[in-house]
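Colleague: Hey, I'm new to this one. Can you put it up and walk me through it?

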Amino acid sequence: MFKQVENLCNEITSELKDQYPAIRAWTFKWNDRLRTVMGRASARGKYIELSTHSVRINRNTPDFITRIKETILHEWAHALDWEYDGGWGHGATWKKWMQRLGIPPERCFSSTRWLCALNKAHYAIRNGRTGNVMFYSNKVSPSLFLEAVEKNAKQGGEMEDIEIISLKTGDKIGR
Ligand SMILES: [Zn+2]
């Protein structure tokens, strides 16, 4: 999984560097400590990075490769914005770069799109088909599970799509 993501990232990176030489000094790296987001960009260090932990726990997230590709482009849009427009953050010039890279600018991935290790929660209960997270919790009690079933049903989800994911390993936990 890591190799696959890295290859994808290297491919995107070299294409972008050919097209936009101002970002040639920028590099890609893995970050082992980053836990609450999937990716990050640093203008000071001139790098974009992905969280190894977030990749690990999201490897079973639906459309993982499509989503990770969008995350990588999202981070590169920060680099391009910085180098070409002097912009930083998710402002108008960043949005322009997102559009140029073919990504809808409103699709800014946040912790609601990816599982993340929030508040030291051990588990996430989500709809495994859509990736929608119902709850993050330290413990999955029967009542919490029932609440998740209800929440999922209100969003039009099927009960059999509900899954519990370990936020340590990314494994699906049997119930
Ligand atoms: Zn961003």
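Colleague: So which domains does the domain assignment give?

Modeller: Domain 1 (2–100) and domain 2 (118–173), with bounds that come from an automatic or database domain assignment. Bear in mind that this is a predicted model: local features need pLDDT of at least 70, side-chain atom pairs count only at pLDDT 80 or more, and totals for chains, interfaces and linings use all residues. Residues are numbered from 1 along each chain as its sequence is written.

Colleague: What separates the centres of the two domains?

Modeller: Taken over C-alpha atoms, the centres of domain 1 and domain 2 are 28 Å apart. Eight residues from domain 1 and eight residues from domain 2 make the contact, where contact means C-beta atoms, placed from the backbone, within 7 Å.

Colleague: OK, on to helix H1. Which residues are buried there?

Modeller: Val5, Cys9 and Leu16. Buried means 20 or more other C-beta atoms within 10 Å of the residue's own, exposed means 12 or fewer, and partly exposed is in between, with C-beta atoms placed from the backbone. Seen down the axis of H1, the buried residues fall within an arc of 35 degrees, so they line one face of the helix; the arc is that of the directions from the helix axis to the C-beta atoms.

Colleague: And what do those buried residues pack against?

Modeller: Strand S1 (27–31), strand S3 (47–51), helix H2 (52–58) and helix H3 (64–85). Helices (H or I, at least four residues) and strands (E, at least two) are DSSP runs, numbered from the N terminus. The face of H1 turned away from the buried side carries exposed residues, including Lys3, Asn7 and Glu11.

Colleague: Switching topic: in what order do the strands of the open sheet run?

Modeller: S5-S4-S6-S7, four strands with antiparallel pairing. S5 and S7 are the edge strands, each pairing on one side only. Two strands pair if DSSP finds at least two bridges between them.

Colleague: How many bridges join S4 and S5?

Modeller: Four, between S4 (residues 123–127) and S5 (residues 133–137). Arg126 has Val133 in S5 as its bridge partner, and Ala124 stands opposite Tyr136. The two strands form a hairpin with five residues between them, and Gly131 in the turn has a positive phi of about 90 degrees.

Colleague: Last one: where does Asp171 sit?

Modeller: In the loop between strand S6 (162–166) and strand S7 (172–173). Asp171 counts as partly exposed because it has 14 C-beta neighbours inside 10 Å.

Notes:
Contact = placed C-beta atoms within 7 Å.
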